[in-house]
2 protein chains.
Amino acid sequence: MTWVTGADGSPYGVTNLPYGVFRSNGGQPRIGVRIGSWVFDLAGAEAADLVLAAGALCRPTLNDFMALGRPQWTSVRQRITELLTDPAHRAAVEPLLVPLAEVELLLPFEVADYVDFYSSEHHASNVGQIFRPGQPPLLPNWKHLPIGYHGRAGTVVVSGTPVIRPTGQRASAEGPVTGPSVRLDIEAEVGFVVGVPSGLGDRVSVDDFADHVFGVVLVNDWSARDIQAWEYQPLGPFLGKSFATSVSAWVTPLDALADAFVPAPDQDPPVVDYLRDVPHLGLDLRLAVEWNGEQVSEPPFGTMYWTPAQQLAHLTVNGASLRTGDLYASGTVSGPDRSQVGSFLELTWGGAEPVKLGDETRTFLADGDTVIITATAPGPDGTTIALGEVTGTVRPAR
Amino acid sequence: MTWVTGADGSPYGVTNLPYGVFRSNGGQPRIGVRIGSWVFDLAGAEAADLVLAAGALCRPTLNDFMALGRPQWTSVRQRITELLTDPAHRAAVEPLLVPLAEVELLLPFEVADYVDFYSSEHHASNVGQIFRPGQPPLLPNWKHLPIGYHGRAGTVVVSGTPVIRPTGQRASAEGPVTGPSVRLDIEAEVGFVVGVPSGLGDRVSVDDFADHVFGVVLVNDWSARDIQAWEYQPLGPFLGKSFATSVSAWVTPLDALADAFVPAPDQDPPVVDYLRDVPHLGLDLRLAVEWNGEQVSEPPFGTMYWTPAQQLAHLTVNGASLRTGDLYASGTVSGPDRSQVGSFLELTWGGAEPVKLGDETRTFLADGDTVIITATAPGPDGTTIALGEVTGTVRPAR
């Protein structure tokens with residue numbers, strides 16, 4: 001129970017407490033935590049000695065705080081919970097609550113490297129069937145390692161940032177043409193944010209996931225399918241992805257997701273040693289994709305074949321170091337049914353089966369379209385918590 | 001003519017002046033410029049008002065200086081030249097010259113995003129012949145756009161950093177096995193360092209290359225061919241590359257390379273508009289690869305099919321923004337002859353034709369091997385300047 005007005009019973013109650021960075025009245029960026037429809041100004045709280053984090057909460061991004069490590073993450077969260085539940089603190093804390101409606105939310109952390117995986121078996125199979133009909137839907141390596149690649153960290157943007165339709169080359173019967181993408185798509189994903197770094201040459205074990213990963217964001221990895229199809233062989237996606245990747249303004253700490261861990265799908269064939277996680281746990285995050293106000297899909301994150309701990313172990317098995325602010329995303333989350341897919345490529349089966357949105361039909365994104373990805377997760381005692389939404393509106397090509 | 005002892009006539013004379021970051025006696029990182037076998041301490045020079053750069057030379061990396069832009073880059077270079085040539089300044093400057101042998105050289109800039117291209121027609125053709133014998137060596141997109149992908153910025157290391165042999169999965173007749181890479185290779189490349197950023201949604205024209213790019217580094221993009229071969233489909237190279245990418249400690253400013261621009265190879269078919277650079281210029285950089293003290297190859301950068309201006313225009317045609325510290329590398333530099341290739345994959349033709357090094361033979365890298373990549377370029381008045389070398393020694397897998 002919190003004394004904050006309206007927060008109890010909301011999906012942003014005191015068991016959630018995601019972190020973000022906000023600005024009010026054009027001021028400096030400040031770290032805050034969301035409670036109900038308020039932002040608790042943690043910079044102000046640390047300045048007033050209400051919470052102690054070695055000054056890390058008085059910085060313009062979460063990076064310094066995320067670098068502190070799990071014991072500090074947990075103790076700061078405990079202290080914030082105490083401040084928001086014990087009425088004795090109300091007088092000191094209430095002046096530090098800012099209405100959410102009055103703040104601008106900023107990119108919550110400085111992104112170091114951005115890696116994107118491809119860990120949904122349903123998504124990979126759908127893409128295989130659409131692009132390589134009549135062939136085995138999964139490539140031979142897919143069940144042996146979590147396929148991934150590096151994306152562009154510098155174009156990771158916060159939820160709400162407009163997405164300008166990218167220009168680029170695509171194939172045509174008359175050879176390549178250059179112009180605005182005509183197959184602009186989304187990818188609904190879940191991203192994991194690294195707090196504690198690792199050294200060059202070190203490997204992070206599947207068992208050490210929670211020592212390194214601070215929390216979770218929702219991700220929309222906007223994708224220009226026509227640009228991607230023409231460019232991607234043999235070195236993978238490049239300009240078809242690098243124009244924008246949106247993340248939620250709120251980072252949900254792993255501590256808030258303790259009740260959301262569930263057994264992940266069995267893996268057959270068995271995986272090699274460094275990928276063997278016992279217990280083998282995914283996260284029961286229930287995503288929803290809204291396209292111009294209509295819900296078109298409910299991707300179930302719990303169906304992902306590769307777990308976040310396996311992804312982290314794979315990412316570092318070659319000795320690649322981690323930095324604070326590294327972001328790795330799951331890849332498109334798609335369940336077994338058409339109503340559970342995380343991309344419009346799948347929803348419209350390569351554009352062959354348009355969907356109806358109100359009075360209009362769509363295959364891919366039109367200028368002016370807005371996509372909102374949300375998610376909920378089980379919280380303690382049968383409650384439900386919400387992850388921060390990720391939204392974006394498509395602007396015409398320049 | 002410089003008054004600095006021994007610098008005239010050396011490949012690091014006063015027409016070269018590459019920038020780096022050094023540390024002496026365990027002190028703080030300082031920006032310096034190389035002259036002969038000395039480092040001119042620019043942090044000390046700016047602190048003494050001998051050169052003015054808004055404090056950017058008193059920082060621990062080149063990033064703030066690189067962000068200032070070409071007019072400031074040129075005026076600072078002119079001032080440094082004046083200080084090192086006019087004997088009137090000798091008394092003030094000489095105490096700021098530190099013997100190169102007494103300093104530790106550090107990574108000269110903080111890497112924002114790292115992109116790797118694939119722009120040598122000879123290299124791409126060789127790789128195609130080795131991996132897809134009997135098929136057309138180039139894929140259909142190759143002559144229409146500079147193929148590229150994002151690499152891991154966090155594992156870009158300075159020349160001299162040991163390279164730990166990566167562990168990972170590779171294919172075998174019995175299925176995938178995990179272990180130290182058995183086909184560890186180099187890629188001799190040239191990297192371009194972005195100083196001036198661009199906005200999200202903006203495109204950088206081929207004509208604006210010199211407004212954004214500060215200078216050039218040599219790059220060794222270490223590659224584990226066995227890991228890469230198993231993982232790379234369909235999303236491109238990942239762990240086969242992300243364990244280490246070495247760059248030279250010295251960034252050669254574009255201003256030092258004014259005499260090195262030469263016509264690039266003709267492009268047929270003609271390229272699309274945004275890639276049309278007039279004049280179409282490459283750089284006459286002559287690389288050399290030394291393996292355990294023996295020179296094994298001389299890759300000619302002037303033979304590259306895609307120019308650095310075309311690469312930059314392509315990288316941003318979709319509106320992807322540039323940040324100060326972005327690094328984009330050319331891809332492996334290979335000329336038409338076996339004696340001009342930039343990888344051991346090509347030198348040994350996929351490992352089928354071992355090379356003799358002293359009393360030993362090699363296909364790929366053995367533990368303890370050292371590779372040094374050097375390069376020279378034409379300077380003014382028939383002189384030759386050197387780029388900073390990039391070196392690395394292979395350490396056993398952990």
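Author: Helices (H or I, at least four residues) and strands (E, at least two) are DSSP runs, numbered from the N terminus. The model is predicted, so local features need pLDDT of at least 70 and side-chain atom pairs count only at pLDDT 80 or more, while totals for chains, interfaces and linings use all residues. Residues are numbered from 1 along each chain as written, chains are lettered from A and ligands numbered from 1 in written order, and side-chain values use heavy atoms, without hydrogens and water.

Reader: Where does UniProt put the "binding site"?

Author: The unreviewed UniProt entry gives Tyr118(A), Arg132(A), Gln228(A), Tyr232(A) and Thr332(A). Positions follow the numbering used here, feature names are shortened, and annotations may be inferred rather than shown by experiment.

Reader: And where does Tyr118(A) lie?

Author: In the loop between strand E6 (114-117) and helix H5 (121-131) of chain A.

Reader: Is Tyr118(A) buried or exposed?

Author: Tyr118(A) counts as buried because its relative accessibility is 13%; the cut-offs are under 20% for buried, over 50% for exposed and partly exposed in between (1.4 Å probe, protein chains only).

Reader: What is Tyr118(A) in contact with?

Author: Beyond neighbours within four places in sequence, its contacts (heavy atoms within 4.5 Å) include Trp142(A), Ile147(A), Pro234(B) and Leu235(B).

Reader: What about Arg132(A)?

Author: Arg132(A) is partly exposed, at 21%, and sits in the loop between H5 and strand E7 (148-151) of chain A.

Reader: New topic. How many residues make the contact between the chains?

Author: Chain A gives 55 residues and chain B gives 55 residues.

Reader: How many salt bridges cross the interface?

Author: Four, counting a side-chain nitrogen of Lys or Arg within 4 Å of a carboxyl oxygen of Asp or Glu. Arg398(B) and Asp202(A) form a salt bridge at 2.8 Å, N to O.
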